[in-house]
Amino acid sequence: MGSDGKSTALVFGATGYTGSAVVQHWAKVGNVVAHVRPDSRKLAEHVAHFVHLGARVERVPWEAAALGELVQRTTP
């Protein structure tokens with residue numbers, strides 16, 4: 001849970017059609033962390049969109065150690 005007592009969702013695949021909809025939903029009802037790969041070709045566009053929705057954006061490579069650290073840090 002976040003510091004505000006709401007659940008936190010961590011969305012992998014946030015830049016896809018379904019993932020983006022999940023981020024949009026969670027931004028309305030709780031805390032959401034949108035995972036975006038730092039090598040995404042539309043990185044700036046995705047980050048701006050998710051920040052506008054009220055999501056926290058994490059730019060983390062699609063590598064096991066980095067993703068594991070992200071999960072530990074965000075405690076979804």
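1. Thr-75 comes out as partly exposed, at 44% relative accessibility. For the cut-offs: buried means under 20% relative accessible area, exposed means over 50%, and partly exposed is in between (1.4 Å probe, protein chains only). Thr-75 sits in the segment after α3 (64-74), and its phi is near 40 degrees, a positive value in a residue other than glycine. Most residues other than glycine have a negative phi.

2. A word on what you are looking at: this is a predicted model, where local features need pLDDT of at least 70, side-chain atom pairs count only at pLDDT 80 or more, and totals for chains, interfaces and linings use all residues. Residues are numbered from 1 along each chain as its sequence is written, and side-chain values use heavy atoms, with hydrogens and water left out.

3. Now the strands. Helices (H or I, at least four residues) and strands (E, at least two) are DSSP runs, numbered from the N terminus. Strand β2 (residues 31-36) is mostly covered, with five of its six residues buried. On one pairing, β2 runs parallel to β1 (residues 8-11) through four bridges; Val-11 stands opposite Ala-34 in β2. Two strands count as paired if DSSP finds at least two bridges between them.

4. β2 also pairs with β3 (residues 56-59), again in the parallel sense and over four bridges. Here Val-36 has Arg-59 in β3 as its bridge partner.

5. On to charges: the structure holds four salt bridges, each being a side-chain nitrogen of Lys or Arg within 4 Å of a carboxyl oxygen of Asp or Glu. One of them joins Asp-39 to Arg-37, with the closest N and O atoms 3.0 Å apart. Asp-39 is exposed at 58% relative accessible area, whereas Arg-37 is partly exposed at 39%.

6. Which residues are linked in a network of salt bridges? Arg-56, Glu-58, Glu-69 and Arg-73. Glu-58 is buried, at 13% relative accessibility, and meets Arg-56 at 3.0 Å, N to O. Arg-73 and Glu-58 also form a salt bridge, at 2.9 Å. Arg-73 lies in helix α3 and Glu-58 in strand β3, so this pair ties together parts that are 15 residues apart in sequence.
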